[in-house]
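Here's a quick tour of a helix and a sheet in one protein model. Have the structure open and follow along.

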Amino acid sequence: MEGKMNAVYMTKPEAGAWEYVEDAPIPQIKDDEVLMEIKACGICGTDHSLHGWNEAIANSYNIQFPAIFGHEFSGVIAEVGPNAPADLKVGMRVTANPVLFDNTCAYCDKGQVNICDNRPFYGTDLPGAFAKYMAIRGSNVIPMPDEVSFVQGALLEPLCVALNAVERIHPEAGETALVMGPGPIGLLMVAVLRQAYGIKKVLCSGLANDVKRLEVAEKLGAITINGSECDVVEKVKELTGGKGPEMILDAAGHFTVVQQAVEMVAKGGRIGITGLPAKPSTIPMTPIAMRQISIIGSRAYERKHWRQALNLMANGLDISLVSNFVLPLSDWKKGMELIDAGEGLRVILEP
Ligand SMILES: [Zn+2]
């Protein structure tokens, strides 16, 4: 398709160097790609960090400037390349996996496309969805049922992150979980634990600037802990009869989280690491052996988590509280300010 579109570019590797334009070229698709008309795209913590130019995060990608970010999106197919999967048609409502896995390595063979040997990412390494149109490999595109709105569709990607993280700590009936960090991913973990796995007792901890986020966690059914008003480790032990939760999920990405988690997890418990702390953690190893603790990493999502996420959403998983602001793409700056103020959870932009 020829023509111009609106888009938000990051023009150079410098804090705040984002620019809204209305004369960006519409991307030309390759034979195996489709052109998606983007209807909704969430501002992820990664986008927020890239806007503030966090070099540690930026260095984990291969960003070409000017860059278009945005990797949590939904929309409608506008054009289909001749070699894209035959079931994709113009007008279909879709979302897509932003991991451009190679489909040839041993990990892809097992469905573990998240840890593929060669996996550029749409929205950082490749142009993303803070734009009216986006070109994406057809085999990454996933049709959405009518019950899932475009705004909900933009939450599927972070929901997949939460599904992988929760699955990897193997929840069992009757166990207690603690989610550390009430950002959007933490809140989605609370929702998945409660609504998908039926875990009745879910604790969620945060800090002083998380008060509004902890209110949402409470509405999602969590018992909340404000770490600026109490000692989190003491409070968690008190709330679990002294033994600690069997499952702890790090959704904060601060280097102290895993230290606290080792202190308070139950014997035989599992600690899931999803956050990306900038500094290394120091943790005592003896309790990990003596109390038989497992520490388990999780990255992004496997292929199956998209099907799970769509099924859960189509069957009434309620995570609408997480996408609490929907703005036009031109208002991206307001979205950033809402996130800075601790008010915006997943801010969704509409091109
Ligand atoms: Zn691979």
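How many residues does helix 11 have, and how far does it reach from its first C-alpha to its last? Keep in mind that this is a predicted model. Helix 11 spans residues 303-314, so to speak a run of 12 residues, and reaches 18 Å, close to the 16 Å expected at 1.5 Å a residue.

Now look at which side chains face inward. His 305, Trp 306, Ala 309, Leu 310 and Met 313 are the buried residues of helix 11. They sit on the same side of the helix because they cover an arc of only 135° around the axis. In general, an α-helix has 3.6 residues a turn, so residues three or four places apart point the same way. Arg 307 and Asn 311, on the other side of helix 11, are exposed.

What do the buried residues of helix 11 pack against? Their partners are listed here:

| Partner of helix 11 | Residues |
|---|---|
| Strand 7 | 141-143 |
| Helix 4 | 150-153 |
| Helix 5 | 156-168 |

Just after helix 11, Gly 316 takes a positive phi of about 95°.

Strand 8 (residues 176-180) and strand 11 (residues 247-250) run parallel and are joined by four bridges; Ala 177 has Met 247 in strand 11 as its bridge partner.

Methods
Residues are numbered from 1 along each chain as its sequence is written. This is a predicted model: local features need pLDDT of at least 70, side-chain atom pairs count only at pLDDT 80 or more; totals for chains, interfaces and linings use all residues. Helices (H or I, at least four residues) and strands (E, at least two) are DSSP runs, numbered from the N terminus. The expected span of a helix is 1.5 Å times one less than its number of residues. A residue is buried if 20 or more other C-beta atoms lie within 10 Å of its own, exposed if 12 or fewer, and partly exposed in between; C-beta atoms are placed from the backbone. The arc is that of the directions from the helix axis to the C-beta atoms. Two residues are in contact if their C-beta atoms, placed from the backbone, lie within 7 Å. Two strands pair if DSSP finds at least two bridges between them.
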